Amino acid sequence: MPAKKLNLRKRYELLTRGMGWETTYQKMDDVFPYDSFEGIKITDWDKWEDPFRLTMDSYWKFQAEKEKKLYAVIDSFAQNNGQTNLACASYLSAIKLFITGVTPLEYGAHRGFAHLGRHFRGDGARIACQMQAIDELRHAQTQVHTISHYNKHFSGLHDPFHQFDRVWYLSVPKSFVEDAMSSGPFEFITSISFAFEYVLTNLLFVPFMSGAAYNGDMATVTFGFSAQSDESRHMTLGLEIIKFMLEQHEDNLPIIQRWMDKHFWRAYRLLALVAAMQDYMLTNSPMSWKEAWDVYFVENGGALFEDLSRYGLKMPKYHELATAESDHISHQVWSVFCSLGNATGFHTFLPTEEKMDWLSEKYPDTFDKYYRPRFEYWAEQKKAGTFEYQKGLPQLCQVCQIPMVFTEVQTDPMQISYRVTEHGGDKYHFCSDGCKDIFEFEPEKYVQAWLPVHQIYQGNCGGPTLPEVLDWYKFKPEDSGDYIGSKDYQRWQEWKGADKKVKQA
Amino acid sequence: MAIIAKDGYVDNVRDRVENFHGNQLVYVGWDDHLLFSAAWAFPLPPEMPFQGLVSEVMPGSFNDHPDFKKIDWTSVEWVLDGKRFSPDMDKSLKDNGVGHKSLIRFKTPGLTGINGTRL
């Protein structure tokens with residue numbers, strides 16, 4: 001008589017509980033050497049509940065179905081020359097930033113979760129991390145496959161992983177994910193699953209995926225749909241792990257609060273690149289950075305932390321500053337890219353009149369007062385043929401590694417926010433109190449930061465001149481500079497004729 | 001603070017002055033001229049006279065701003081690592097107290113940027 005088929009719950013239990021055991025030949029602490037040094041106390045791993053109770057066979061089945069659909073769409077996109085349906089080829093600057101800055105983050109997350117999938121002592125948590133490791137790898141791969149179509153027609157998409165390890169502005173996402181990966185497993189999962197994927201993920205994915213939809217990029221939209229169900233599972237995991245840690249021992253609270261403060265700030269700083277993308281790179285922006293911040297952080301994040309307050313967890317430190325900065329950061333970051341646009345792997349372009357009017361409407365308190373004048377000044381210079389990219393390498397923040405462009409938005413938005421501390425006889429500079437606090441808690445970690453500007457001056461980046469450094473980045477000459485007149489622009493003109501969206505710039 | 005790492009950290013101060021081939025890093029920022037989004041970083045010999053910074057190094061990065069040519073250098077207000085200071089133009093950076101990774105800010109009274117916008 002055949003064995004009775006087990007129900008899903010039973011199978012999940014066997015998968016996640018029956019697989020682990022108390023080791024006797026070796027000490028448990030030797031088998032799982034990573035999950036205790038951070039000070040997190042776990043008294044009963046069996047209290048860990050995966051909210052989805054996903055078994056491997058259903059996981060494979062589900063993912064295989066999504067893959068089939070995605071690759072069918074990618075094929076038809078290629079066959080129908082889907083790239084010609086974009087709003088404008090300048091939109092691809094957003095996709096160039098995505099493939100070089102975000103896709104390698106997915107791969108970093110894959111590596112991190114693979115590590116946790118081996119090193120968490122609880123087998124339920126291990127299984128959840130293993131599945132997420134596979135998800136993240138799948139995301140990195142499918143993003144490469146989806147975007148590779150554009151690589152056939154446009155510049156700047158040819159070597160994202162090489163560039164991630166070298167390029168000056170890509171050190172921002174790289175240092176973020178490597179900070180998490182070089183932490184212990186509990187800090188890693190707090191950083192990636194909670195601070196990033198739960199609290200802030202909508203601020204990353206909504207701009208890119210709705211941005212894609214608003215700009216005719218159906219390939220990226222399809223990828224977004226394919227990843228969406230994974231992301232919601234990851235978010236749930238993020239919340240679950242936080243609650244689990246908080247419920248296991250009261251001593252865990254201050255540790256988690258510190259990680260929350262730190263990784264909120266780090267992830268938020270990274271998102272400054274996304275803010276610039278959202279407000280400036282997208283030809284048609286579905287919503288402004290400030291609107292997205294108000295909905296996804298102020299409202300949704302506020303409700304989340306209210307819910308978590310019963311555990312004693314408070315809103316992350318400096319969240320008020322982040323909200324005050326939401327009126328400024330996209331303009332500040334896009335300004336620095338425009339002024340150093342001969343060293344970016346994507347095309348920069350000044351906002352059109354139409355775009356500036358949209359920005360005035362979305363940022364009534366700041367755009368006309370602080371930011372419109374610089375774009376108009378540069379536009380005049382471009383018109384007169386006197387515009388030049390700025391000559392120099394900017395001072396970088398030791399922690400977030402973004403050029404020190406952020407200002408004292410609460411007191412004087414035209415004054416750069418300078419912070420400094422000393423350690424071991426050397427000075428370290430920061431863009432904010434948030435970054436300074438992170439350094440001061442663990443200076444031994446951040447004195448090792450690979451700051452691109454300093455590395456160029458140490459002679460480690462191909463040579464002392466800009467062309468040598470760009471060559472070392474594997475940027476081709478056609479990758480950088482103004483969109484107008486670029487190879488992408490010329491190709492687009494051949495396909496589409498007059499390019500209304502950017503001709504004013 | 002406490003080191004939270006399984007095996008501690010290796011001692012790797014990546015930007016120690018010895019790594020800059022005889023130079024030290026100096027950051028220079030021009031207050032009220034935010035057309036330059038950030039201070040610039042320069043690798044400079046500590047023996048360079050302060051005058052050399054002003055006449056040879058700074059123009060390379062700041063000259064494109066129309067205010068730069070209008071600067072009255074006798075009225076410039078200098079801030080070194082957060083403190084007002086009066087550099088001796090003939091003395092070296094080092095003898096003026098400019099160290100590795102010092103931040104020099106300068107204010108140019110009367111010059112308020114493009115159309116008075118502090119850009």
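Which residues does Leu25(B) touch, not counting residues up to four places away in sequence? They are His454(A), Tyr457(A), Phe20(B), Ala41(B), Pro43(B), His100(B) and Lys101(B). Touching, or being in contact, is when the C-beta atoms of two residues, placed from the backbone, lie within 7 Å.

Some housekeeping. This is a predicted model, in which local features need pLDDT of at least 70 and side-chain atom pairs count only at pLDDT 80 or more, while totals for chains, interfaces and linings use all residues. Residues are numbered from 1 along each chain as its sequence is written, and chains are lettered from A and ligands numbered from 1 in the order in which they are written.

Back to Leu25(B). It is found in strand S1 of chain B; helices (H or I, at least four residues) and strands (E, at least two) are DSSP runs, numbered from the N terminus. Leu25(B) is buried, because 24 other C-beta atoms lie within 10 Å. Buried is 20 or more other C-beta atoms within 10 Å of the residue's own, exposed is 12 or fewer, and partly exposed is in between, with C-beta atoms placed from the backbone. Pro46(B) is 21 residues from Leu25(B) in sequence, and 9.1 Å from it in space, C-alpha to C-alpha.

Now the two chains together. The interface has 38 residues of chain B in contact with 43 residues of chain A. On the side of chain B that touches chain A, strand S1 (24–30), strand S2 (40–44), helix H1 (50–62) and strand S5 (102–107) each supply at least two residues. That side divides into 19 nonpolar, 11 polar and 8 charged residues. Here Ala, Val, Leu, Ile, Met, Phe, Trp, Tyr, Cys and Pro count as nonpolar, Asp, Glu, Lys and Arg as charged, and the others, Gly among them, as polar.

Next, helix H8 of chain A. Since 9 of its 11 residues are buried, H8(A) is largely enclosed by the rest of the structure. Its buried residues include Lys174(A), Phe176(A) and Asp179(A). Among the elements covering them are helix H4 (92–101), helix H9 (185–214) and H11 of chain A.

H11(A) spans residues 252–281, and its axis comes within 9 Å of that of H8(A), residues 171–181, crossing at roughly 160 degrees. Axes are lines fitted to C-alpha atoms, for helices over the stretch in contact, and angles run from 0 to 180 degrees between N-to-C directions. H8(A) and H11(A) are therefore roughly antiparallel: under 35 degrees is roughly parallel, over 145 roughly antiparallel, 65 to 115 roughly perpendicular, and the rest oblique. Val172(A), Pro173(A), Phe176(A) and Asp179(A) of H8(A) make the contact with Arg266(A), Ala267(A), Leu270(A) and Leu273(A) of H11(A). By class, that contact has 6 nonpolar, no polar and 2 charged residues.

H11(A) has another partner. The axis of helix H10(A), residues 218–248, comes within 8 Å of that of H11(A), and they cross at roughly 150 degrees. This pair is therefore roughly antiparallel too.

Last, the core. A nonpolar core is a set of buried Ala, Val, Leu, Ile, Met, Phe, Trp, Tyr and Cys residues joined through C-beta atoms within 7 Å. The largest has 150 residues, and Leu271(A), Leu273(A), Ala276(A) and Val333(A) have the most contacts inside it. H11(A) gives the largest share, 17 residues.
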